[in-house]
Protein chains: 2
Amino acid sequence: MILEGVRIELPSNKPILLLKEENGNRYLPIWIGPYEASAIALEMSNIKTPRPMTHDLIINIINNLKISIDNIEITEIRNNTFYAIINIMNTDKKVIKVDSRPSDAIATAVRSKCDIYAAEQVLESGGLRIQSIEDEVKKFKNFLDNIEPEDFKNNFENK
Amino acid sequence: MILEGVRIELPSNKPILLLKEENGNRYLPIWIGPYEASAIALEMSNIKTPRPMTHDLIINIINNLKISIDNIEITEIRNNTFYAIINIMNTDKKVIKVDSRPSDAIATAVRSKCDIYAAEQVLESGGLRIQSIEDEVKKFKNFLDNIEPEDFKNNFENK
């Protein structure tokens with residue numbers, strides 16, 4: 001999947017992330033938390049914070065342990081909740097699966113530049129195949145083009 | 001150090017965490033971000049969320065890799081910013097140091113039940129030795145006694 005971006009949906013003021021099928025035309029929108037949205041948006045916009053934010057810490061832990069994130073996968077939709085897995089390659093080159101919210105999985109994926117997958121069942125039940133989606137995608141791109149660190153300032157520590 | 005708690009300071013509406021020296025009478029207050037404050041408060045109050053929050057994910061990664069957090073340490077105050085380190089014991093029983101904000105370090109420490117240390121230099125420059133601190137500590141305890149998941153609902157994902 002390709003991560004098109006995150007943006008704040010109005011008037012609900014809720015953040016949403018949008019994935020697009022790489023070899024297809026289905027889109028997968030997922031409602032996420034504001035903190036996770038800022039973690040994804042800041043990284044996509046190459047905005048560096050003075051101190052490591054929580055998802056930067058996850059990547060620092062992974063890197064310092066000399067292991068890597070193989071990929072992440074949106075595995076399931078159950079009772080309107082999306083489930084994801086982070087696949088980590090350990091020092092024995094064995095893949096360790098860690099249960100995650102999609103937002104945390106994607107915030108770590110954009111930092112580790114690993115592949116993002118979605119199960120066919122997820123795309124079937126949660127995917128959108130709308131012709132006018134291009135306008136929607138433009139909104140995501142415009143949002144990311146115009147964000148400033150101040151947009152998320154409530155998420156930063158003062159000291 | 002003993003983690004006394006976190007609370008929202010009024011009227012600034014900013015979250016603060018309070019550590020107390022285990023064998024002494026110095027207190028260490030640290031301003032933190034709202035998301036990290038809720039991560040610490042929810043765990044201290046034994047409130048479980050339906051899906052793993054970001055710091056739960058860190059602990060799940062550590063546990064699934066069959067390694068552990070040895071301890072965390074508040075190492076330094078520089079330009080009014082507190083620095084911390086998470087000491088992780090890897091599979092070779094070697095301690096790996098990971099740079100962290102104090103809030104993230106403490107949110108992982110309360111979940112892994114590891115020791116919390118503060119460097120003497122930090123206690124000297126950031127510590128408080130106030131007789132009336134007992135009233136302050138009570139405020140922290142009252143805050144934790146009365147929180148509800150709804151207090152932090154903006155931090156949860158809706159789907």
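Q: Hi! What pattern does chain A follow, read along the sequence?
A: Chain A follows β-β-β-α-α-β-β-β-α-β-α-α, with helices (H or I, at least four residues) and strands (E, at least two) taken as DSSP runs numbered from the N terminus. This is a predicted model, where local features need pLDDT of at least 70, side-chain atom pairs count only at pLDDT 80 or more, and totals for chains, interfaces and linings use all residues. Residues are numbered from 1 along each chain as its sequence is written, and chains are lettered from A and ligands numbered from 1 in the order in which they are written.

Q: Thanks! How many helices and strands does chain A come to?
A: Chain A has 5 helices and 7 strands.

Q: How do helix 1 and helix 3 of chain A pack?
A: Their axes (lines fitted to C-alpha atoms, for helices over the stretch in contact) are 9 Å apart. The angle is about 15°, on a scale from 0 to 180 degrees between N-to-C directions. Helix 1 and helix 3 of chain A are therefore roughly parallel to each other, a label for angles under 35 degrees.

Q: Which residues of helix 1 meet helix 3 there in chain A?
A: A:E36, A:A39, A:I40, A:E43 and A:M44 do. Among their partners in helix 3 of chain A are A:I106 and A:V110.

Q: Switching topic: how many residues does the contact take from chain A and chain B?
A: The contact takes 35 residues from chain A and 35 residues from chain B, where residues are in contact if their C-beta atoms, placed from the backbone, lie within 7 Å.

Q: And which element of chain A gives the most to that side?
A: Helix 2 of chain A, with 6 residues.

How values were computed
Two residues are in contact if their C-beta atoms, placed from the backbone, lie within 7 Å. Angles under 35 degrees count as roughly parallel, over 145 as roughly antiparallel, 65 to 115 as roughly perpendicular and the rest as oblique.
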